[in-house]
Amino acid sequence: MGVPQLTIKQLFDRESCTYTYLLLDGETGEGAIIDPVLELYERDMQIINELGIELLYTIETHAHADHITASGKIRQSVGAKLVFGENSGIPAIDLPLADGACIQLGHYSIRAISTPGHTNGCTSFFCDGNLFSGDTLLIRGCGRTDFQFGDPGELYDSITTKLFVLSDDTIVFPAHDYNGRTSSTIGEEKMWNPRLGGNRSRQEFIDLMNNLNLDMPKRINEAVPANMEVGIRFDPNRYLLRDFDMNDLYQVWQELPDNTLVWDNRTPEEYARGHVPGSRNIPMGTENEHVETLAGYDQVYLYCRSGRRAQTSMTNLNLQGLNHIVCISHSGMPDWEKAGYPVEV
Ligand SMILES: N[C@@H](CCC(=O)N[C@@H](CS)C(=O)NCC(=O)O)C(=O)O
Ligand SMILES: [Fe+2]
């Protein structure tokens, strides 16, 4: 009898191009799942049951922006322990892992490697020569850094000092691939990754990442708050008041209660051209610098031009535990102007 083998099953979600991984120690029958997708819960549970896997862990590499996790549901149904990096900011965690911390899966050890950058709570997991890199390192790419407290400098440091130091033959299994590729190696990525390979400097990487101009993931406003609660107990109305529009804001604004803020998160240029009188300008993308100030208000009303940016800032702040923001999600300043309400310049 040879040495027991770690079995890895790579599963795919066509909708979000997400890879879910099932890890199995064939000798003990113990297993772990990484980044399961809520819509594919039945598929994954069927495999787990057919193979007779005792699922010890459901592991998340980060709070995803593009799909809702099945981890909460899996935890409820089979009692698997929920595992995240300790900086994920997600409350329903059984095992928050610090950088370098390990959990045992049969004969194998799974090691958490803190790799912030794509989000501030991203963690990669290393097991038996395999790296589950989440969205930190993708095949010939890397995660974007323009939401959920992403930071290109941090991402560069995570990849170069935490992942590229692993041995060249480490197999890289990412959380996504949009081009049908399934795995890579650290050696390959050091050589061929167009964002990081060769002699690209940290500053060049930052400039590149700050100018990607990608569309927002289609489901970000739904997925991020849901994933903060690991896909269970999710009530979209708690976060998104679909019916609250600029006319409702006008009603509130006329007799604004004490300690209430009207927040305009458009650019300073747009704000200067005309805004709701008394509103404060905190542009989208800088809200993380104002968490304490915003938390100090009893109630915050947030608007932008169309509602899209308001939703994005709100989900960013939901991640920080702020739940007192009323988001005007499907209208904005042009609607206020059209209605003939007062405008301050
Ligand atoms: N079009 C996709 C968005 C995909 C996306 O933005 N993916 C994130 C990971 S959550 C990313 O980092 N992508 C890197 C890239 O596209 O280069 C969707 O709507 O869901
Ligand atoms: Fe992601």
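Biologist: How do you know that strand E3 and strand E4 pair?

Modeller: This is a predicted model, and in it five bridges join E3 (residues 30-34) to E4 (residues 54-59). Pairing needs at least two bridges, so the two strands count as paired. They run parallel, and Gly31 stands opposite Leu55 in E4.

Biologist: What makes E1 and E6 the edge strands of their sheet?

Modeller: The sheet is open and has six strands in the order E1-E2-E3-E4-E5-E6, with mixed pairing. Strand E1 (6-13) and strand E6 (95-97) each pair on one side only. From one strand to the next the twist averages 20 degrees.

Biologist: Which helix packs on this sheet, and how does its direction compare with that of E4?

Modeller: Helix H2 (residues 71-78) touches E3, E4 and strand E5 (81-85). The direction of H2 makes about 155 degrees with that of E4.

Biologist: Why are H6 and H11 called roughly parallel to each other?

Modeller: Helix H6 (residues 220-228) and helix H11 (residues 308-318) pack at an angle of about 10 degrees, with axes 9 Å apart. The limit for roughly parallel is under 35 degrees, and H6 and H11 therefore qualify.

Biologist: Which residues of H6 and H11 meet?

Modeller: From H6 come Ile220, Asn221, Val224, Pro225 and Met228; from H11 come Gln311, Thr312, Thr315 and Asn318. Four of the contact residues are nonpolar, five are polar and none is charged.

Biologist: How do you know that E15 and E16 pair?

Modeller: Strand E15 (residues 260-264) and E16 share two bridges in the parallel sense. Since at least two are required, E15 and E16 count as a pair. One of the bridges has Trp263 with Arg280 in E16 as its partner. These strands belong to an open sheet of four, in the order E16-E15-E17-E18. Its edge strands are E16 (280-281) and E18 (325-327).

Biologist: What angle does H11 make with E18?

Modeller: H11 lies across strand E17 (299-303) and E18, running at about 155 degrees to E18.

Biologist: How many residues around ligand 1 are charged?

Modeller: The shell has four charged residues, along with three nonpolar and five polar. The residues around ligand 1 include Asp66, Asp135, Arg144 and Lys218. Asp, Arg and Lys count as charged, so these four belong to that class.

Terms used. Residues numbered from 1 in each chain as written. Chains lettered and ligands numbered in written order. Predicted model: local features only at pLDDT ≥ 70, side-chain atom pairs only at ≥ 80, totals over all residues. Axes fitted to C-alpha atoms, helices over the stretch in contact; angles between N-to-C directions. Contact = placed C-beta atoms within 7 Å. Parallel < 35°, antiparallel > 145°, perpendicular 65-115°, else oblique. Near = placed C-beta within 6 Å.
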